[in-house]
Amino acid sequence: MKLLVVAVGQRLPDWATTAWDDYAKRFPPELRLELRAVKTEPRGSRTVEQLMVAERERIEGAIPRGARVVALDERGTAVSTVGLAAKLKAWQLDSSDVALLIGGPDGLDPALRAAAHERIRLSDLTLPHAMVRVLLAEQLYRAWSINANHPYHRE
């Protein structure tokens, strides 16, 4: 199974790339974490709706056919780390790849959010995009560690 993070934005600070790479390499071969970064639509004179539609098309093009789509959304369902571990276990039992979507500066297109199988939020705080990617990678790894009885997570 593959966990695929589809994120708008191709440039990250070096610290974020280093952190992402560190967490991604920790996953076992049967559960891979992969990033597909798609281009942010140039801001110019277009409306926010036009920008989000263009980004939606890029995101949709990066999602593998048949994947379970999980939108990261500030209005999504709050999930604890243990709750994420339970979701991960269910996703693994389903055996489909999972695409976790991170929108651009204006968020995800409403139609894309509505079409997702699930909508979750990582925090009530507003986080920078680089931090969201790293936080998501860390929490997915932590969820895996809980399910595998690995000592990384302690309660």
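V70 stands opposite L100 in β4, and E118 in β5 is likewise placed opposite V70. The model is predicted, with local features requiring pLDDT of at least 70, side-chain atom pairs counting only at pLDDT 80 or more, and totals for chains, interfaces and linings using all residues. Residues are numbered from 1 along each chain as its sequence is written, and side-chain values use heavy atoms, with hydrogens and water left out.

Helices (H or I, at least four residues) and strands (E, at least two) are DSSP runs, numbered from the N terminus, and two strands pair if DSSP finds at least two bridges between them. Strand β3 (residues 68-78) pairs with strand β4 (residues 98-102) in the parallel sense over four bridges. Strand β5 (residues 118-121) also runs parallel to β3, and five bridges join the two; in β5, I120 is the bridge partner of T77.

The open sheet consists of five strands in the order β2-β1-β4-β3-β5, with parallel pairing. Its edge strands, β2 (32-38) and β5, each pair on one side only. Neighbouring strands are turned by 30° against each other on average, direction ignored; here axes are lines fitted to C-alpha atoms, for helices over the stretch in contact, and angles run from 0 to 180 degrees between N-to-C directions.

Helix α3 lies across β1 (2-8), β3, β4 and β5, running at about 150° to β5, where contact means heavy atoms within 4.5 Å. Helix α5 lies across β1, β2, β3 and β4, at about 150° to β4.

The helices also meet one another. The axes of α3 and α5 come within 8 Å and cross at roughly 75°. These two helices are therefore roughly perpendicular to each other, a term applied to angles of 65 to 115 degrees. Their contact includes L84, A85 and L88 of α3 together with L140, A143 and W144 of α5. By class, this contact has eight nonpolar, four polar and two charged residues; Ala, Val, Leu, Ile, Met, Phe, Trp, Tyr, Cys and Pro count as nonpolar, Asp, Glu, Lys and Arg as charged, and the others, Gly among them, as polar.

Helix α1 (residues 14-26) packs with α5 (residues 129-147) at an angle of about 15°, their axes 9 Å apart. Helices α1 and α5 are therefore roughly parallel to each other, the term for angles under 35 degrees. Among the residues in contact are W15, A19 and Y23 in α1, and V134, A137 and Y141 in α5. The contact of α1 with α5 has ten nonpolar, no polar and three charged residues.

Terms used: Parallel < 35°, antiparallel > 145°, perpendicular 65-115°, else oblique.
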